[in-house]
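Hi everyone, thanks for coming along. Today I'd like to walk you through a protein model, one piece at a time. Please have a look at it first.

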Amino acid sequence: MYTEKGQLDRSALIKQYQPLVRRLAHYMMAKLPASVEVDDLIQVGLIGLADALSRYESAQGVQFETFATQRIRGAMLDELRGNDWMSRGSRKSQKEIETTMRRLEHRLGRSPIESEIASEMGMSLVDYQSLLGKVRGTQLVYLEDMSRNGEEDDSFLDRHVADSEADPMNMLRDHRLRESLVAAIKSLPEREQYIMSMYYEQDMNLKEIAAVLDVTESRICQLHSQSIARLRAKMRSH
């Protein structure tokens with residue numbers, strides 16, 4: 001979109017991509033505690049969209065929507081991390097869940113079920129399921145975050161936007177990471193695989209998934225939280 005003077009019409013483009021910002025904000029809210037306001041994420045996302053408009057160059061060989069999605073999501077993540085919105089107790093609980101899962105999987109040779117995890121943690125099943133709801137948000141980890149291996153360098157998109165100059169070692173590492181993630185997803189209990197597929201591949205929200213599986217939305221939140229914890233536990237070894 002261009003103005004009569006042949007300049008990029010930023011206002012028109014921001015209006016066109018506002019639905020993308022809202023979709024990403026609502027998508028991210030499924031992994032965040034109720035204390036986070038979706039309107040705040042949308043406002044930060046719009047700043048990320050404006051940043052994407054100022055940085056985008058078609059010669060880079062990537063579609064604008066792909067580029068903008070990374071910038072919008074990155075702006076939201078930076079805002080959340082900067083505000084340190086998760087309590088230390090929630091982070092500790094999340095780590096305890098993951099450690100318990102790894103220990104049980106090593107002992108049992110399979111993915112543990114909820115009652116086994118609860119028992120190993122010394123709590124009732126109801127209390128464990130409640131805890132899963134409380135640790136939402138400590139699980140806000142994306143593939144591009146894991147690709148950094150803890151380093152403060154550029155994102156996956158930034159490193160590989162120009163394939164001709166991509167580092168072969170980086171490409172190999174990312175390929176192996178993706179293979180490990182796919183294998184980890186396939187190892188999830190069948191019901192949790194369904195939830196991950198509906199949420200991440202079919203873009204269904206939690207309410208829609210709950211209707212398909214005939215359970216409450218809060219139950220889907222618990223199972224989604226547990227699935228992410230399983231994946232994090234497996235990917236930490238990677």
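Let's begin with a word we'll need: a residue is called buried when its relative accessible area is under 20%, exposed when it is over 50%, and partly exposed in between, using a 1.4 Å probe and counting protein chains only. Please keep in mind that this is a predicted model, where local features need pLDDT of at least 70 and side-chain atom pairs count only at pLDDT 80 or more, while totals for chains, interfaces and linings use all residues. Residues are numbered from 1 along each chain as its sequence is written, and side-chain values use heavy atoms, with hydrogens and water left out.

Now, the overall picture. The protein chain has 12 helices and zero strands; here helices (H or I, at least four residues) and strands (E, at least two) are DSSP runs, numbered from the N terminus. Of its 238 residues, 42% are buried. A contact means heavy atoms within 4.5 Å. Among contacts with a separation of 6 or more, 63% join residues 24 or more positions apart.

How confident is the predictor? Its confidence in each residue is the pLDDT, which runs from 0 to 100. The chain's mean pLDDT is 77, and 72% of the residues reach 70 or more. Confidence is highest in helix α5 (residues 114-120), at 96, and lowest in helix α8 (residues 156-160), at a mean of 38. Across residues 141-166 the pLDDT is below 50, and this stretch has 45 contacts in the model beyond near neighbours in sequence.

Next, let's zoom in on helix α1. Which residues are buried in α1? They are Leu13, Tyr17, Leu20, Val21, Leu24, Ala25, Tyr27, Met28 and Met29.

On to charged partners. A salt bridge is a side-chain nitrogen of Lys or Arg within 4 Å of a carboxyl oxygen of Asp or Glu. How many salt bridges does a search of the whole structure find? It finds nine. In one of them, glutamate 98 meets arginine 232 at 2.6 Å, N to O. This pair links distant parts of the chain, with glutamate 98 in helix α4 (residues 88-108) and arginine 232 in helix α12, 134 residues apart. Glutamate 98 counts as buried because its relative accessibility is 1%, and arginine 232 counts as buried at 16%.

Arg103, Arg107 and Glu120 form a network of salt bridges. Glutamate 120 meets arginine 103 at 3.0 Å, N to O. Glutamate 120 is in α5 and arginine 103 in α4, so this pair ties together parts 17 residues apart in sequence. Arginine 107 also meets glutamate 120, at 2.9 Å, N to O.

One last stop: aspartate 214, in the loop between α11 (206-213) and α12 (217-237). Is aspartate 214 buried or exposed? With 69% relative accessibility, aspartate 214 counts as exposed. Aspartate 214 also has a positive phi of about 60°, although it is not a glycine.

Conventions: pLDDT is the predictor's confidence in each residue, from 0 to 100.
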